[in-house]
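Welcome, and thanks for taking a look at this one. Please have the sequence and the structure open as you read.

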Number of protein chains: 2
Amino acid sequence: MATIGIDLGGTNIAAGVVDAQGKILAQGYRRTLPERPYEEVIADMAGAAEDAVKKSGLTMGDITSIGVGVPGYFDKKTGVVAFCPNLGWHDVPLCGEMRRYIDLPLYGDNDASVAGFAEAVAGVSQGVKTSVFLTLGTGLGSGIIIDGKIWSGAHGAAGELGHLMYRQGGVLCTCGARGCLERYTSATGLIRIGQEAAARHPESSLHRFDKDPLSAKNIIDAAQMGDAAALEAFDEYTTHLANGIVSIISFLDPELIVLGGGVSRAGEYLLEPVRRKVQAGKFFKMLPTGEIVLAALGNDAGIIGAAMLHRA
Amino acid sequence: MATIGIDLGGTNIAAGVVDAQGKILAQGYRRTLPERPYEEVIADMAGAAEDAVKKSGLTMGDITSIGVGVPGYFDKKTGVVAFCPNLGWHDVPLCGEMRRYIDLPLYGDNDASVAGFAEAVAGVSQGVKTSVFLTLGTGLGSGIIIDGKIWSGAHGAAGELGHLMYRQGGVLCTCGARGCLERYTSATGLIRIGQEAAARHPESSLHRFDKDPLSAKNIIDAAQMGDAAALEAFDEYTTHLANGIVSIISFLDPELIVLGGGVSRAGEYLLEPVRRKVQAGKFFKMLPTGEIVLAALGNDAGIIGAAMLHRA
């Protein structure tokens with residue numbers, strides 16, 4: 001038995017044929033080119049899936065379902081993508097449109113939930129009943145796994161941890177509110193904090209990036225080289241991230257907290273201060289806390305989790 | 001079949017015999033007098049329970065379990081109250097001590113979780129699978145119900161929504177952190193906000209309470225009478241509470257959000273602005289949201305929920 005998983009991103013479409021253990025057997029790719037009509041994008045999603053099936057040596061008859069991770073909100077009842085800000089999609093009938101090419105049961109979910117589920121099925125949180133996955137990327141994506149399943153809430157609105165109010169009255173968020181956790185703990189947040197720190201340090205090496213766009217990696221690299229502004233910025237960032245994790249513990253107390261996305265590539269350099277600050281900041285000091293670990297599947301999580309959505 | 005529920009408060013011990021439907025058959029009371037040795041307090045808890053059984057017309061042989069709601073942290077594995085700040089308790093062997101008087105299976109949990117569970121078993125959230133209960137009292141107590149059970153998390157640390165970080169760097173909390181949600185949404189928070197508003201309004205009727213302690217009820221009453229300072233304070237308070245509820249929705253998206261505790265006695269006067277501000281502030285504007293309702297059981301929730309803990 002095998003299933004298809006499709007990771008629909010703002011730049012690329014990645015499809016894969018995945019076996020029951022969560023192993024990717026073959027992959028197919030297309031450009032997303034989101035400015036096109038959605039019908040063309042979905043035709044290319046089907047094309048990427050067909051490529052992957054062909055490469056895997058299987059036929060469509062061997063495939064039992066198709067799953068899609070979308071960078072937005074997928075309505076499971078109607079099979080419609082209600083919205084995807086990065087694609088400019090609004091009420092796109094993904095399920096109906098896909099059936100023109102591949103007539104299989106289609107499952108969809110938010111991409112961060114899908115990645116969190118992939119880690120729970122075949123990654124670092126395998127066998128763990130309750131985990132929270134955070135992607136430290138352009139935004140703060142999150143996936144909540146309760147009893148081994150994606151927790152979507154009573155109306156599908158759960159798992160938007162990037163929009164926990166963290167600093168009421170603070171930095172304006174893309175959602176319209178002020179002080180959302182995402183503004184302080186995403187890669188975008190780290191860049192803003194880095195720019196503010198550089199402004200306080202005229203000697204900082206971060207000024208090399210005054211004309212080029214500054215990246216989260218630039219700041220982390222400069223911090224590891226001892227740049228004072230970058231060190232200040234990274235210290236502030238890890239405080240915010242640890243505070244966010246403390247809130248997650250105070251709310252749900254999961255067995256495991258999994259960090260993925262661009263900033264997580266800093267590895268131990270990120271984990272050490274975050275673990276230390278969570279320990280110092282958590283409410284029940286005497287209770288053990290779910291371990292904070294790095295995601296294991298990297299970019300494959302999007303395909304693997306989507307292919308496994310039939311179990312979510 | 002009947003069970004005993006004991007609501008252990010800082011001032012009073014209330015015990016009740018409760019039937020399988022969550023109806024209180026008879027009650028017994030003692031003063032807590034928490035400055036005493038814990039052995040004496042627990043002897044009086046047993047005494048209150050024995051009084052209730054006697055009044056109910058049943059005998060101890062008819063009772064199948066005993067449950068206790070504690071204003072602190074009860075370790076379910078060991079039967080020990082790890083700590084109760086209001087009672088000055090630390091590592092009190094509640095289960096072992098109670099067995100000297102009443103030899104029945106003993107269940108315990110945090111009082112806010114117990115009250116939330118009572119509402120889920122016999123109150124406003126009866127039949128609702130997922131709900132979040134908030135007590136707007138001295139602190140912000142909370143109980144999370146998932147699939148009809150109290151959610152305690154992987155290590156027993158869940159459901160401390162009062163300590164979600166809400167205004168990073170803000171008002172100092174009793175827990176040592178700054179900006180906890182409790183500082184802004186508890187009755188204590190409303191009083192602080194009211195005092196600040198009164199300081200901006202020399203004409204405010206709230207200055208009557210400059211010598212007496214100002215209460216949350218004083219502020220709500222003055223707001224309903226049109227006092228400008230009290231109106232400002234209550235408006236700020238309902239904004240904070242709505243923001244907190246928006247975070248709860250972004251995290252868990254429960255079917256129902258239940259408000260109890262002192263401030264909830266304001267009824268519709270509280271609900272109307274909170275519902276309006278949650279609607280305006282929530283992340284997924286187009287999705288329905290769990291209804292925000294008032295708790296139904298009042299002070300009885302502590303006894304009923306404790307008596308039902310064998311099912312939690």
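The notes below cover the interface, the fold of one chain and a single residue.

This is a predicted model, in which local features need pLDDT of at least 70 and side-chain atom pairs count only at pLDDT 80 or more, while totals for chains, interfaces and linings use all residues. Residues are numbered from 1 along each chain as its sequence is written, chains are lettered from A and ligands numbered from 1 in the order in which they are written, and side-chain values use heavy atoms, with hydrogens and water left out.

**Interface of chain A and chain B**

- Contact (heavy atoms within 4.5 Å) links 42 residues of chain A with 42 residues of chain B.
- About 4000 Å² is buried between chain A and chain B, and carbon and sulfur atoms give 68% of that area; buried area is the accessible area (1.4 Å probe) that two parts lose on being put together, summed over both.
- On the chain A side, A:H155, A:Q168 and A:F251 lose the most area to chain B, together 20% of what that side buries.
- Strand 6 (80-84), strand 10 (140-146) and helix 7 (228-251) of chain A are the elements that give two or more residues to the side touching chain B.
- Of these, helix 7 of chain A gives the most, with seven residues.

**Fold of chain A**

- Chain A has nine helices and 13 strands, which are DSSP runs (H or I, at least four residues, for helices; E, at least two, for strands) numbered from the N terminus.
- Buried residues (under 20% relative accessible area, 1.4 Å probe, protein chains only) make up 59% of the 312 residues in chain A.
- Among contacts in chain A with a separation of 6 or more, 61% come from residues 24 or more positions apart.

**B:N110**

- B:N110 sits in strand 8 (residues 106-110) of chain B.
- B:N110 counts as buried because its relative accessibility is 17%.
- Beyond its neighbours within four places in sequence, B:N110 is in contact with B:V70, B:G72 and B:S142.
- The side chain of B:N110 reaches the backbone oxygen of B:G72 at 3.1 Å.

Conventions:
Buried means under 20% relative accessible area, exposed over 50%, partly exposed in between (1.4 Å probe, protein chains only). A polar contact is a pair of N or O atoms within 3.5 Å; within protein, one must be able to donate a hydrogen and the other to accept it, and residues adjacent in sequence count only if both atoms are side-chain atoms.
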